[in-house]
Amino acid sequence: MISKFNGILRAVQFRLPPYKTLRSSTLILSSFGLSLSLSLSRFKRKPKMLSALKSEEASMQLVEREEIDEDDELFEAIDKLIAQGINAGDVKKLQDAGIHTCNGLMMHTKKNLTGIKGLSEAKVDKICEAAEKIVNFGYMTGSDALLKRKSVVRITTGSQALDDLLGGGIETAAITEAFGEFRSGKTQLAHTLCVTTQLPTSMKGGNGKVAYIDTEGTFRPDRIVQIAERFGMDPGAVLDNIIYARAYTYEHQHNLLLGLAAKMSEEPFKILIVDSIIALFRVDFTGRGELADRQQKLAQMLSRIIKIAEEFNVAVYMTNQVISDPGGGMFISDPKKPAGGHVLAHAVTIRLSFRKGKGEQRVCKVFDAPNLPEGEAISF
């Protein structure tokens, strides 16, 4: 029985192309197969409980279907502009510029759009008018805003203590920043999220794929294999659902972000991981003379990231380095602060401070968040 369900799991777990067709049926089966295969190890000596487990999982299928349908309505494809009288050639120019949804189009200024080769001011005005008929970017009531927040998914970190601290996990449509010294656990959490994001929502996962941008060369697929085995998942299937890119300059990093929109408009991604956000900026810009330019480029990249998070309802987890604070003084126990200055501080939604504890312990503290109280999680 166990081998049979494990076989089902390997067959349906996110691997079958095209991914998008799995939304209505096979993805539900994947959730069922994964939950059941993990649960069998606990109930294999209690066969009477298997029938109850099956009926429980079957009842979850309707929930999964509703959540999947909601994801379909999160954004409107840019192709819908054609039905509003926009030339197909102009739509293609928008796609080549990295704009693949009407929602994303409305997040660009007309100045940026006229910078696209072949689009005049008159064409941009017409395109924007057509997009406004498809998506509503105006006011909404507080009740509508609350209803929209229900589409937010919280992805488990793999640690109960850290999940409790974060109100359930890393949330979508927001940027979660983790800063701290080296060896404080930031990258290890990034690797864990690569796996937990692929868990079904019934197991506090995100039911989606992972995009990973590595600026420090610390991504290790063999570590993913170990974590996948811990959660009882097929390591090969988990790795196949992670797209990875190594960035070497801040410009390369920015171009990688531009290319993500095309992928996320076609496949159900649930998290973007950037490890780390600031490393290449600290290399490519030197001295106070280039500080203003560096901060402006950083602000533009962060703006792009938050637009991706809200446009596709994906979680963004990014790590950040720390710098010494000369003004900290001898009375400050930890004279270090996150790099990036106020530009980075204002752009992120949730800031987490990581530090080493006693022995192998790691401590995470909520440094700043709009909806979370201050607190700490130890040994996450």
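How many of the 7 residues of strand β10 are buried? The count is 5, so the strand (residues 350-356) is mostly covered, given that buried means under 20% relative accessible area, with exposed over 50% and partly exposed in between (1.4 Å probe, protein chains only).

## Ground rules

This is a predicted model, where local features need pLDDT of at least 70 and side-chain atom pairs count only at pLDDT 80 or more, while totals for chains, interfaces and linings use all residues. Numbering runs from 1 along each chain as its sequence is written, and side-chain values use heavy atoms, with hydrogens and water left out.

## The whole chain

The protein chain has 16 helices and 12 strands; these are DSSP runs numbered from the N terminus (helices H or I, at least four residues; strands E, at least two). Of its 380 residues, 46% count as buried.

Take the contacts (heavy atoms within 4.5 Å) with a separation of 6 or more: 67% of them come from residues 24 or more positions apart. The chain exposes about 19000 Å² and gets 53% of that from carbon and sulfur atoms, using Shrake-Rupley areas with a 1.4 Å probe, where for residues only the protein chains shown count as cover.

## β10 and its partners

Back to β10. Strands pair if DSSP finds at least two bridges between them. β3 (residues 174-180) runs parallel to β10, with 5 bridges joining them, while β11 (residues 362-368) runs antiparallel to β10 through 6 bridges.

Phe354 in β10 shows up in both pairings: Gly180 stands opposite Phe354, and Cys364 is the bridge partner of Phe354 in β11.

## The turn

β10 and β11 make a hairpin, with 5 residues between them. In that turn, Gly359 has a positive phi of about 60°.
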